[in-house]
Amino acid sequence: FNDFLTCPRCFYLDRVKGLASPGMPGWTLNETTDLLLKKEFDICREQQKPHRIFLENNLNHLVPFDHPDMDKWRDSLRHGLSIKFENILLTGGVDDVWQDTNTDELIVVDYKSQASSYKVETKSYLSSPFHEGYKIQMDFYAYLLTEMGFKVSNTAYFLVCNANRGAEGFFGKLDFSESLVPYPWNSDWIPQRLVEMLKTMNSEEIPHSNKSCENCAYAMQRTAVDQMS
C-alpha cells in the first residue's frame with residue numbers, strides 16, 4: 001500500500017508484473033534500537049506495569065498491551081497486523097501496542113531513531129515533510145487494528161530516540177534522549193485509496209509514475225543515455 005502511494009507505476013510493475021524495484025541495505029543501527037526497546041517493553045508487558053517512559057511523561061495509566069499474537073503483530077516480514085480487504089490481504093508490522101487501563105483502548109506505537117542537533121518537539125516533528133511517511137504508516141496501523149475489531153485510542157505515539165551529536169566523543173557508546181510525540185491519527189482517507197489501489201492492480205494499463213519517484217527518474221535517464229550511445 002505504501003508503495004502504491006509512493007509511485008503507482010513502480011507498485012504496478014512490482015505487484016502485477018513481478019519487477020521489483022532496486023533494494024536498499026537495512027538500517028542495522030535503527031533495527032538494534034528497536035530490538036532493545038522491545039526487550040524493555042516486553043519485561044513491563046509480562047509484569048503489566050508502566051514502562052519508565054510512561055512514568056516520566058505522567059502516563060502511569062498506560063501499560064504495554066499483553067496479547068498472545070504480539071510477536072506476530074511485530075513480525076513485518078511474515079505476519080504483522082492483518083485484515084482482508086475484498087480479495088487481498090493487508091498487513092503491517094507494528095513496533096508496539098500499548099493499552100490505556102482507564103479506557104481499555106489500544107495505542108499504536110512506532111519507534112524512531114535519529115541523530116539530530118535539534119530538540120524533539122511535537123509540532124516541528126509532525127510538520128516535517130520528511131515525516132509524512134511516518135504519519136501514513138501510523139494511520140495504516142491504526143486502521144488495521146480498528147478493522148481487526150479492537151477499540152483504538154485516537155492518539156498514537158512516536159517514541160523518538162535522538163542520539164546526542166554534541167557529545168565530547170564516542171567512547172564506545174551513543175547517548176540517546178527519548179521523547180514521546182503524540183499523533184492524532186486519521187484513517188478516513190485509507191479506504192478510498194485502497195479501492196484505487198485495487199483498480200490499479202486489475203488494470204491492463206501501466207499507470208503513470210509519480211514525478212518525484214527516484215526509481216522512475218533514474219530509469220528514464222538511463223534509457224535516454226542508452227539511446228544516445
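How exposed is E178, by relative accessible area? Keep that in mind, and I'll start there. E178 has a relative accessible area of 28%. Buried means under 20%, and exposed means over 50%. E178 falls in between, so it is partly exposed.

One thing before we go on. This is a predicted model.

Now, what does E178 do with its side chain? It meets the side chain of R52 in a salt bridge, 2.5 Å from N to O. The pair links distant parts of the chain. R52 is in helix α4, residues 52-56, and E178 is in strand β7. They are 126 residues apart. R52 is partly exposed too, because its relative accessibility is 33%.

Here is the general idea. Side chains of opposite charge can pair when their charged atoms come close.

Let's step back to the whole chain. It has nine helices and seven strands. There are 229 residues, and buried ones make up 39% of them. The C-alpha atoms fill a box of roughly 60 × 50 × 30 Å, taken along the principal axes. The chain exposes about 14400 Å². Carbon and sulfur atoms supply 51% of that area. Now take contacts with a separation of 6 or more. Residues 24 or more positions apart account for 68% of them.

Next, the sheet. Which order do its strands take? The order is β1-β4-β5-β6-β7. That is five strands in an open sheet, with mixed pairing. The edge strands are β1, residues 62-64, and β7, residues 176-184. Each of these pairs on one side only. From one strand to the next, the twist averages 30°.

β1 and β4 pair in the antiparallel sense, over three bridges. β4 covers residues 96-100. Find L62, and its bridge partner in β4 is D100.

Two helices to pick out here. Helix α3, residues 28-47, lies across β1, β4, β5, β6 and β7. It runs at about 145° to β5. Helix α7, residues 132-147, packs on the sheet as well. It touches β4, β5, β6 and β7. Its direction makes about 155° with that of β5.

On to β2 and β3. These strands run antiparallel, joined by five bridges. β2 is residues 81-85. K84 stands opposite L89 in β3. The hairpin has two residues between the strands, and E86 takes a positive phi near 55°.

Now follow β3 itself, residues 88-92. Its side chains alternate. I88, L90 and G92 point to one face and are buried.

How many does a search of the whole structure find? Twelve. One of them joins R74 and D42, at 3.1 Å from N to O. This pair also links distant parts of the chain. R74 is in the loop between α5 and β2, while D42 is in helix α3, 32 residues apart. R74 is buried, because its relative accessible area is 13%. D42 is at 29%, so it counts as partly exposed. There is a network here: D42, R45, D71, R74 and D96 are linked by salt bridges.

Another pair is D75 and R78, with the closest N and O atoms 3.0 Å apart. Compare the two ends. D75 is buried, at 15% relative accessibility. R78 is exposed, at 69%.

Now the loop between β7 and α8. W185 has its place there. Buried or exposed? W185 is buried, because its relative accessible area is 16%. Leaving out residues up to four places away in sequence, W185 touches several others, among them D139, A142, T146 and V152. D188 lies in this loop too. D188 has a relative accessible area of 67%, so it is exposed. D188 and Y143 are 45 residues apart in sequence, and their C-alpha atoms are 8.7 Å apart in space.

Last stop, the surface. F170, L174 and F176 make a nonpolar patch of about 310 Å². L174 is in the loop between β6 and β7. It is partly exposed, because its relative accessibility is 45%.

That's my tour. Thank you.

Terms used:
Residues are numbered from 1 along each chain as its sequence is written. This is a predicted model: local features need pLDDT of at least 70, side-chain atom pairs count only at pLDDT 80 or more; totals for chains, interfaces and linings use all residues. Side-chain values use heavy atoms; hydrogens and water are left out. Buried means under 20% relative accessible area, exposed over 50%, partly exposed in between (1.4 Å probe, protein chains only). Helices (H or I, at least four residues) and strands (E, at least two) are DSSP runs, numbered from the N terminus. Two strands pair if DSSP finds at least two bridges between them. Axes are lines fitted to C-alpha atoms, for helices over the stretch in contact, and angles run from 0 to 180 degrees between N-to-C directions. Contact means heavy atoms within 4.5 Å. Patches are made of residues with over 30% relative accessible area and no salt bridge: like charges are joined within 9 Å, nonpolar side chains (Val, Leu, Ile, Met, Phe, Trp, Tyr) within 5 Å. Accessible areas come from the Shrake-Rupley method with a 1.4 Å probe; for residues, only the protein chains shown count as cover. A salt bridge is a side-chain nitrogen of Lys or Arg within 4 Å of a carboxyl oxygen of Asp or Glu.
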